[in-house]
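Student: Hi! Could you walk me through this one, starting from the outside?

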Amino acid sequence: MNIFFINILKFILRVIYAPIKLFKTKNRIVYLSRQSNTKSLDMELLEQAIIEEDPSIEQVFRLKMIDDSFSAKFKYCFTLIGDMYYIATSKVAILDTYSIPISCLKHKKTLTVIQLWHALGAIKKFGLQSLDRENGRSKAISKAMCMHKNYDYILAPSSATAKFYMDAFGYEASKIKICPMPRVDYLLNCKPRSTEFFSLNPGMADRKIVLYLPTFRDKDKYIAEELKVEFQGKSDYQLIISAHPLSTIKRDEKYSYNGDFSAIDLMKIADIIVTDYSACAFEAALLMKPLYFFVPDYEEYEVKRGLNVKLVEELPNYVFFDAEKLLENMDSQPYDICELYKFKDKYIKAKDPDNAKKLAKFIIMLTTKKGE
């Protein structure tokens, strides 16, 4: 996007926002996302916890993904006006990704902005960490778009992850709040949907479920093919591929499943989890499921995108560049749960079983903290 055009757009938004800010602030929380058109699990759990603690607080969800078409971007301009109204009339704004109106506009002092990032950590570099890298954003565009400005709090699951978030969002430690995400409650407290899954997929009941959860990147479909080749004919394993929504990996009935199950549901059912640079690794570690990393493009990816977590140092026995060796290790070597526990304990502090309730109380406190 042209920087001149970005500056014009910001000017127009600021002109429109000025009179909108005159509207009265309500006892309201607004959730903003470009990550999905529906509520994330974290949002659902947090919404319910806030209702239980204080049902008088209004909660509004402004969730809109944008594709690359011109018409979608044009329509999104009208969505932004709605976003601005709810931002101007809310006491708290909660977002799970970058938000144009949050970062590009000047807000009322009564507004508190919380970044509840959509992942449970960050293996790969992102945000300001990846500027001017081959797979990252332009530094000039980032500056023009005021990337990740105006946050009051950034939630991080551990002190180790907090360091990555400070770099990625460009904030000091004082802005970071160590607070496990609400989804941790679901991961730890809710029973797996195993009975439902195996009733819909009876042929998998007597096999070890190996769940492959790759991140979105170049060559992802070719890397998935390498795994398919190795698992073909292995009657004791059932490989399930749960691709990223933007992935080029095509659905293959042989490596798919019946039913409506989220990635977290599948992780709770699986016996073994294989991933690459996806933050689902932290969720797998929290579940204490045997976790393997299949990363044939490791060196290339580290150069093009960059890594926060040096996988070959953190879990050296479970990082593989070759699919055949990965399967050999699964077949012949007992998994070292102690090594996985160290990884989990470093990146996720989740001793409290009521994380959604704890976060809800904090947010409710913020709604009464600032006056008009």
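**Surface and cavities**

Student: Which residues make the nonpolar surface patch?
Tutor: F4, I8, F11, I12 and V15 form it, over about 520 Å². Patch residues have over 30% relative accessible area and no salt bridge, with nonpolar side chains (Val, Leu, Ile, Met, Phe, Trp, Tyr) joined within 5 Å; a salt bridge puts a Lys or Arg side-chain nitrogen within 4 Å of an Asp or Glu carboxyl oxygen, and areas are Shrake-Rupley with a 1.4 Å probe, only the protein chains shown counting as cover. This is a predicted model: local features need pLDDT of at least 70 and side-chain atom pairs 80 or more, while totals for chains, interfaces and linings use all residues. Numbering starts from 1 along each chain, and side-chain values use heavy atoms, without hydrogens or water.

Student: Where does F11 sit?
Tutor: In helix α1, residues 3–20 (a DSSP run of H or I, at least four residues; strands are E, at least two).

Student: And why does F11 count as exposed?
Tutor: Because its relative accessibility is 57%, and exposed means over 50%.

Student: Now inside: how many cavities of 30 Å³ or more are there?
Tutor: The whole structure has 4. On a 1 Å grid over the protein atoms alone, a cavity is points where a 1.4 Å probe fits but cannot get out, and lining residues have an atom within 4 Å of a point.

Student: What lines the largest cavity?
Tutor: N135, R217, D218, K219, D297, E300, Y301 and K304, around about 100 Å³ of space, the volume filled by probe spheres on the joined points.

How values were computed:
Patches are made of residues with over 30% relative accessible area and no salt bridge: like charges are joined within 9 Å, nonpolar side chains (Val, Leu, Ile, Met, Phe, Trp, Tyr) within 5 Å. Buried means under 20% relative accessible area, exposed over 50%, partly exposed in between (1.4 Å probe, protein chains only). On a 1 Å grid over the protein atoms alone, a cavity is a set of points where a 1.4 Å probe fits but cannot get out, and a pocket is an open set with protein on both sides within 12 Å along at least five of seven lines; lining residues have an atom within 4 Å of a point.
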